[in-house]
Amino acid sequence: MTAISVRGLRKRYGDVEAVRGIDFEVEAGEVFGLLGPNGAGKTTTVEILEGYRPRDAGVVSVLGHDPTRMERAFRERIGVVLQQSELWPQLTVREVHHVFAGYYRRPRDVDEVIELVGLHEKRDARVKSLSGGQKRRLDLGVALVGDPDLVFLDEPTTGFDPAARRNAWSMIRSLRELGKTVLLTTHYLDEAQQLADRVAVLRGGVILQLGTPAALIGATLKAEIRFRRNGEEVRIETEEPTRVLHDLTAQALADGRELEALEVRRPTLEDVYLELVEDAGE
Amino acid sequence: MSTFAHQLRTEQLVFWRSREAAVFIFVFPPLLFLLLGSVYNDTIEGHPAADVLLAGLLGYGVANTAFAGLAIQLVIRRESGVLKRLRVTPLPRWVYLVAVLASTLLVFALQTVTIFVLGRVLFDAKLPSEWLSLALAIVLGVAGFAGIGLGAAALIRSAEGSSAVVNVVLLPMAFLSGAFGPTTDYPDVLQAIGDVLPLKYFIDIVEAVYLDDEHLWQQGGAIAAVAAWGALGVLVAWRRFSWEPRER
């Protein structure tokens, strides 16, 4: 079943075309990542799918709805974590969840949600006393309290320290276990690699690549071989690592030399991403 | 519980929990009444001073609560992203707005009662004989000034500046409209400015109903003036109000 379908989506702000004709589909139960640098069009795309922005062109269907119409039935079924929002600072964590729960026809149990996002110890703390990471978890809890089928996460871990990011990641993984469809934007590659079933790499309002993280890495066959010769680093990129390595080691053995600091590396998603993004920039 | 009742409860919770706002909006007008009431104990234009001050401070209170308080609160909620976040919940926008207005009315109704109790107990102020007219006048005042508050919220760009902007309008308006005492001795220019301000007309209505025991429906002109200002505010809000932060 398709949760999100996007065809030929375009959006212009004044002279800037933020989104220039993109297509993708997200299956129900899938965690889909929109990956790209700042200004790539990620947030614009997500905000069109959430219903905030009208589009200039293209066909968009989210859970069978046209999001721009903002029908109540549509809003019942989505959960949103915005890039920036600060909910009522004077209320407690539990009160804020309770307020949002009251908007939905079939909300989840408030205490269960608070437990899920790991705020049970802060249940009665005022929002203003929470740390940045805890506020983000509050945003996530509030997004889940209506028991949505689809959750939008716009840069859910920007500004987090490494431990808080790992925490957030495990929470997002638990969304998959709940059977939620997740659309996530990020400019962190490791985040996309860790969380997303499929990734669309976005730059300048177009999709450069779309596939599973493994497929994106596999799309470039190149491996990198590195070693030191006379104190200088030698770096060879090759699509035939077996043959090149064989030649190198055979030669070294024949000469009685050691290939110092020898290393064979598969490209990471980061390498693929940087290569894609740099190519597109040229 | 209906969504409206749920949101009204939420608005009340948020209002009373926000100490600074609650003090500024709820405590300040009765406090001014206490101060002014302690200073003037003669008669003003043939009425006991306490009664005239009470009428004026109800005027200040309605502008403070429904115009200033509402505008600041909405700008802060818009800029902090609360309004944007609420847009994608099933809560309908009109339910939200009606709940915010009802909450404002409730706060001002409580304030009115507080001012009457203080006036009665401390300054022997009279109680209104035209209860219904006064209650309707208060609903009209909250509606009119809330309309202006919505318009102001649409025009104010930043949360930081909202309180300053609103008070720069509120305090001179209150002074020129006679909220702190009659304006009959003011220079003509100042009186002329006062004559176009909505608060002048609201205070006229309260004085007629409370001091002179007239009926609300005898105040057609003043009602029209308050309503026209409110409608202007709503029109500005209709065209300019955004549910998303302005500053980014």
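**Exercise 1.** Which helix of chain A lies across S5 and S6? Work out the sheet around S5 and S6 too.

*Solution.* A word on the model before we start: it is predicted, so local features need pLDDT of at least 70 and side-chain atom pairs count only at pLDDT 80 or more, while totals for chains, interfaces and linings use all residues. Residues are numbered from 1 along each chain as its sequence is written, and chains are lettered from A, ligands numbered from 1, in the order in which they are written.

Step 1. The helix is H5 (residues 132-144) of chain A, and H5 runs at about 170° to S5(A). Helices (H or I, at least four residues) and strands (E, at least two) are DSSP runs, numbered from the N terminus. Axes are lines fitted to C-alpha atoms, for helices over the stretch in contact, with angles from 0 to 180 degrees between N-to-C directions. Contact asks for C-beta atoms, placed from the backbone, within 7 Å.

Step 2. Read off the sheet: it's open, has 6 strands in the order S5-S6-S7-S3-S8-S9 (chain A), and its pairing is mixed. At the edges sit S5 (78-81) and S9 (206-211) of chain A, each pairing on one side only. Pairing needs at least two DSSP bridges between two strands.

Step 3. Zoom in on S5(A): 4 bridges join it to S6 (residues 150-154) of chain A, and the two run parallel. Val80(A) stands opposite Phe152(A) in S6(A).

**Exercise 2.** Describe the side of chain A that touches chain B.

*Solution.* Step 1. Count: 21 residues of chain A are in contact with 16 residues of chain B.

Step 1. Find the elements: H2 (72-77), S5 and H3 (93-101) of chain A each give two or more residues to this side.

Step 2. Sort the residues of chain A by type: 10 nonpolar, 5 polar and 6 charged. Here Ala, Val, Leu, Ile, Met, Phe, Trp, Tyr, Cys and Pro count as nonpolar, Asp, Glu, Lys and Arg as charged, and the others, Gly among them, as polar.

How values were computed. Two residues are in contact if their C-beta atoms, placed from the backbone, lie within 7 Å.
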